[in-house]
Amino acid sequence: QVQLVESGGGLVQPGGSLRLSCAASGNIFNAIVWYRQAPGKPRELVAAITTGGITNYGDSVKGRFTISRDNANNTVYLHMNTLKPEDTAVYHCAARGRYRYSWAEGDMAAWGKGTQVTVSS
């Protein structure tokens, strides 16, 4: 069983940066995915990284966000730069099941509780 704990959210001004962390326990997954959901909007994929190091990004964050991992600490990071007000959302990390291969929410085996990111002046 996988447990995920996010941290690092907060309030930041437009143009600023934040780093989110997703600490994972257990190893029955093949990727960690960051999703976000803003009020009144559907959940969207932000970034993902497989255990093999392959990354994937949502179009709205390409060039601004970077996903990385620290295997020794079983932690995945989301480095967010040049933040915009439209990045405001609750950010969740999820673990994709070991024998799942899409980025669809239904292929995620576990979810964290989320961390709030607010971009505002």
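Two strands count as paired if DSSP finds at least two bridges between them, and the strands themselves are DSSP runs (E, at least two residues) numbered from the N terminus. Keep that in mind, as the tour starts in a sheet.

Before you click: this is a predicted model, where local features need pLDDT of at least 70 and side-chain atom pairs count only at pLDDT 80 or more, while totals for chains, interfaces and linings use all residues. Residues are numbered from 1 along each chain as its sequence is written, and side-chain values use heavy atoms, with hydrogens and water left out.

**Stop 1: the four-stranded sheet**

Select S1, S3, S8 and S7. They make an open sheet in that order, S1-S3-S8-S7, with antiparallel pairing. Strand S1 (3–7) and strand S7 (65–70) are the edges, each pairing on one side only. On average, neighbouring strands here are turned by 20° against each other, direction ignored; the axes behind that angle are lines fitted to C-alpha atoms, and angles run from 0 to 180 degrees between N-to-C directions.

Now colour S8 (residues 75–80) by itself. Five of its six residues are buried, where buried means under 20% relative accessible area, exposed over 50%, and partly exposed in between (1.4 Å probe, protein chains only). On one side, six bridges join S8 to S7. Find Asp70, whose bridge partner in S8 is Thr75, then Ser68, which stands opposite Tyr77. S3 also pairs with S8 over six bridges, in the antiparallel sense. There, Cys22 has Val76 as its bridge partner.

**Stop 2: the disulfide**

Stay on Cys22 and show its side chain. Which cysteine is its disulfide partner? Select Cys93: the two sulfur atoms are 2.1 Å apart, and a disulfide here is a pair of cysteine sulfur atoms within 2.5 Å. The structure holds one disulfide. Cys22 sits in strand S3 (residues 18–25) and Cys93 in strand S9, so the pair ties together parts that are 71 residues apart in sequence. The torsion about the S-S bond is about 70°, so the disulfide is right-handed. Both Cys22 and Cys93 are buried.

**Stop 3: two loops with a positive phi**

Most residues other than glycine have a negative phi. Go back to S7 and S8, which form a hairpin with four residues between them. Asn74 lies in that loop and has a positive phi of about 50°, although it is not a glycine. Asn74 is partly exposed, with a relative accessible area of 32%.

Next, pick Thr82, in the loop between S8 and S9. Thr82 is not a glycine either, yet has a positive phi of about 45°. Its relative accessibility is 46%, so Thr82 counts as partly exposed.

**Stop 4: the aromatic pair**

Select Tyr35 and Trp111. A search of the whole structure finds one aromatic pair, and these two residues form it: 5.0 Å centre to centre, 40° between the planes, hence tilted. For the cut-offs, rings of Phe, Tyr and Trp (its six-membered ring) pair if their centres lie within 6.5 Å; planes under 30 degrees apart count as stacked, over 60 as edge-to-face and the rest as tilted. Tyr35 is in strand S4 (residues 29–37) and Trp111 in strand S10 (residues 108–111), 76 residues apart.

Buried or partly exposed: which is Tyr35? At 2% relative accessibility, Tyr35 counts as buried, whereas Trp111 is partly exposed at 31%.

**Stop 5: two arginines over rings**

A charge sits over a ring if NZ of Lys or CZ of Arg is within 6 Å of the ring centre and within 35 degrees of the ring normal. Then look at Arg96, whose charged end sits over the ring of Trp103, 4.2 Å from its centre.

**Stop 6: around Arg96**

Two more residues are worth a click here. Asp107, in the loop between strand S9 (89–97) and S10, is buried at 14% relative accessibility. Leaving out residues up to four places away in sequence, Asp107 touches Arg96, Gly97, Arg100, Tyr101 and Ser102; contact means heavy atoms within 4.5 Å.

Last, Thr50, in strand S5 (residues 44–50), which is buried at 12%. Beyond its neighbours within four places in sequence, Thr50 is in contact with Asn30, Ala31, Arg69, Arg96 and Trp103.
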